[in-house]
Amino acid sequence: MLAVPFLPPAQPQNDSVRSIWTIGGTESCASWLATPTSETEGRWWIAGFWSGRNMQNGSNGRVGSSTDSEGVIGEIKRVCQAEPSLLLINAAGRVYVEMDRGRR
């Protein structure tokens, strides 16, 4: 049995054709906001992170419901622009906790 079919595909060097899902919570805010493609990928990650947190939050499973997705993303962007070296998971978590405490 050959292992070749199980190798990951080669990653293109050109950002415009790179594979999807390279931006996640363990990337810096600067990486997330570096290109339109990485920002889009990060938005998808944030949507999953946020909905997962809401599913686990028994006391308030509707954090962020006082705004829309652009409002949540905007708050995370605000934190990221102020602290570009912060990991995206920490920026999103900080905004989640702030909104949860404010029951927003």
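Beyond residues up to four places away in sequence, Ile46 touches Trp32, Ile73, Ile76 and Leu88. The structure described here is a predicted model. Ile46 is situated in helix H2 and, with a relative accessibility of 2%, counts as buried.

Confidence in the model was considered next. The mean pLDDT of the protein is 83, and a value of 70 or more is reached by 79% of the residues. Over residues 1–12, by contrast, pLDDT stays under 50; for this segment the model has four contacts beyond four places in sequence. Where pLDDT is low, predicted coordinates should not be read in detail.

Aromatic packing was then examined. Two aromatic pairs are found in a search of the whole structure. In the pair formed by Trp45 and Phe49, the ring centres are 5.0 Å apart and the planes meet at 20°, so the arrangement is classed as stacked, for which the planes must be under 30 degrees apart. Both Trp45 and Phe49 belong to helix H2, where they are four residues apart, about one turn of the helix. Phe49 has a relative accessibility of 15% and therefore counts as buried, the cut-off being under 20%.

The rings of Trp50 and Tyr96 have centres 4.9 Å apart and planes at 70°; this pair is therefore edge-to-face, a class that requires an angle over 60 degrees. Because Trp50 lies in helix H2 and Tyr96 in helix H4 (residues 88–101), the pair ties together parts that are 46 residues apart in sequence. Trp50 and Tyr96 are both buried.

Helix H2 also contributes to a pocket. The largest pocket holds about 200 Å³ of space. Its lining comprises 15 residues, of which Ala47, Trp50, Ser69, Val72 and Ile73 are the closest to the pocket centre. Helix H2 (36–56) and helix H3 (69–82) each supply at least two of the lining residues, and the largest share, five residues, comes from H2. By residue class, the lining of the largest pocket divides into six nonpolar, five polar and four charged residues.

Note on methods: Residues numbered from 1 in each chain as written. Predicted model: local features only at pLDDT ≥ 70, side-chain atom pairs only at ≥ 80, totals over all residues. Heavy atoms only, no water. pLDDT = per-residue confidence, 0-100. Contact = heavy atoms within 4.5 Å. 1 Å grid on protein atoms, 1.4 Å probe; cavity = no way out; pocket = protein on both sides within 12 Å on 5 of 7 lines; lining within 4 Å. Points joined across faces, edges and corners; volume = space filled by probe spheres on them. Nonpolar A, V, L, I, M, F, W, Y, C, P; charged D, E, K, R; others polar. Phe/Tyr/Trp six-rings, centres within 6.5 Å; stacked < 30°, edge-to-face > 60°. Buried < 20%, exposed > 50% of the residue type's maximum accessible area, 1.4 Å probe, protein only.
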